[in-house]
Amino acid sequence: MSEEPPVTPAQLTAAVDRLADRFRALPQSRLLAAVPGHPSRAAAVLALAGRLADAGRALEGLPPLPVPDCGAFAVGDQLAVTGHDLAAAAADHPEVLADALADLAETDRTTA
């Protein structure tokens, strides 16, 4: 049985960009519709952005900070920023990249 190759920062940023672009294109009615575990799709992605930001800050030895709620139309951009920041911080931490990629995939499924 072969082992999976490690996740790269480029894989994470590509996945982040795909999900961020999907959210940038959603109409308000879909952004604000509830999904399992969250009052809205936008809230689910804001929570993901917060987890990505916290993971990046932890790698840099910094305490977690909340990602501000700037409204439903901003969550795609907030996801892009926090995801790219994490990819840069986790370049030498493939396990962190893999966890983030799995979190992205789960959020993508939940918010489809």
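Reply: Below is a friendly set of questions and answers about this predicted model.

Me: Which residues does Phe23 touch, not counting residues up to four places away in sequence?

Reply: With residues up to four places away in sequence not counted, Phe23 touches Leu31, Arg41, Ala42, Val45, Val75, Gly76 and Thr111.

Me: How do α1 and α4 run, roughly parallel or roughly antiparallel to each other?

Reply: The axes of α1 and α4 come within 8 Å and cross at roughly 175°. Angles over 145 degrees count as roughly antiparallel. Therefore α1 and α4 are roughly antiparallel to each other.

Me: How many nonpolar, polar and charged residues does the contact of α1 with α4 have?

Reply: On the α1 side, the residues include Leu12, Thr13, Asp17 and Phe23, and on the α4 side they include Val75, Asp77, Leu79 and His84. By class, the contact of α1 with α4 has 11 nonpolar, four polar and three charged residues.

Me: And what about α3 and α5, are they roughly parallel or roughly antiparallel?

Reply: The axes of α3 and α5 cross at roughly 175° and come within 10 Å. An angle over 145 degrees counts as roughly antiparallel. So α3 and α5 are roughly antiparallel to each other.

Me: Which residues of α3 and α5 make the contact?

Reply: By class, the residues of the contact of α3 with α5 divide into eight nonpolar, one polar and two charged. From α3 come Ala44, Val45, Leu48, Arg51, Leu52 and Leu59, and from α5 come Val96, Ala100, Asp103, Leu104 and Thr107.

Me: Is Thr13 buried or exposed?

Reply: Thr13 lies in helix α1. Leaving aside neighbours within four places in sequence, Thr13 is in contact with His84 and Ala87. The relative accessible area of Thr13 is 17%, and under 20% means buried, so Thr13 is buried.

Me: Which backbone oxygen does the side chain of Gln78 reach, and at what distance?

Reply: Gln78 lies in helix α4 and is buried, with a relative accessible area of 12%. Apart from residues up to four places away in sequence, Gln78 touches Leu46, Ala49, Val67, Pro68 and Cys70. The side chain of Gln78 reaches the backbone oxygen of Pro68, at 2.6 Å.

Me: Is Arg18 buried or exposed?

Reply: Arg18 lies in helix α1. Its relative accessibility is 57%, and over 50% means exposed, so Arg18 counts as exposed.

Me: How far apart in space are Arg18 and Val45, C-alpha to C-alpha?

Reply: Along the sequence, Arg18 and Val45 are 27 residues apart. In space, C-alpha to C-alpha, Arg18 and Val45 are apart by 13 Å.

Me: One last one: is Ala58 buried or exposed?

Reply: Ala58 is found in helix α3 (residues 41–59). With a relative accessible area of 53%, which is over 50%, Ala58 is exposed.

Terms used
Residues numbered from 1 in each chain as written. Predicted model: local features only at pLDDT ≥ 70, side-chain atom pairs only at ≥ 80, totals over all residues. Heavy atoms only, no water. Helix = DSSP H or I, 4+ residues; strand = E, 2+ residues; numbered from the N terminus. Buried < 20%, exposed > 50% of the residue type's maximum accessible area, 1.4 Å probe, protein only. Contact = heavy atoms within 4.5 Å. Axes fitted to C-alpha atoms, helices over the stretch in contact; angles between N-to-C directions. Parallel < 35°, antiparallel > 145°, perpendicular 65-115°, else oblique. Nonpolar A, V, L, I, M, F, W, Y, C, P; charged D, E, K, R; others polar. Polar contact = N/O pair within 3.5 Å; in protein donor to acceptor, adjacent residues only side chain to side chain.
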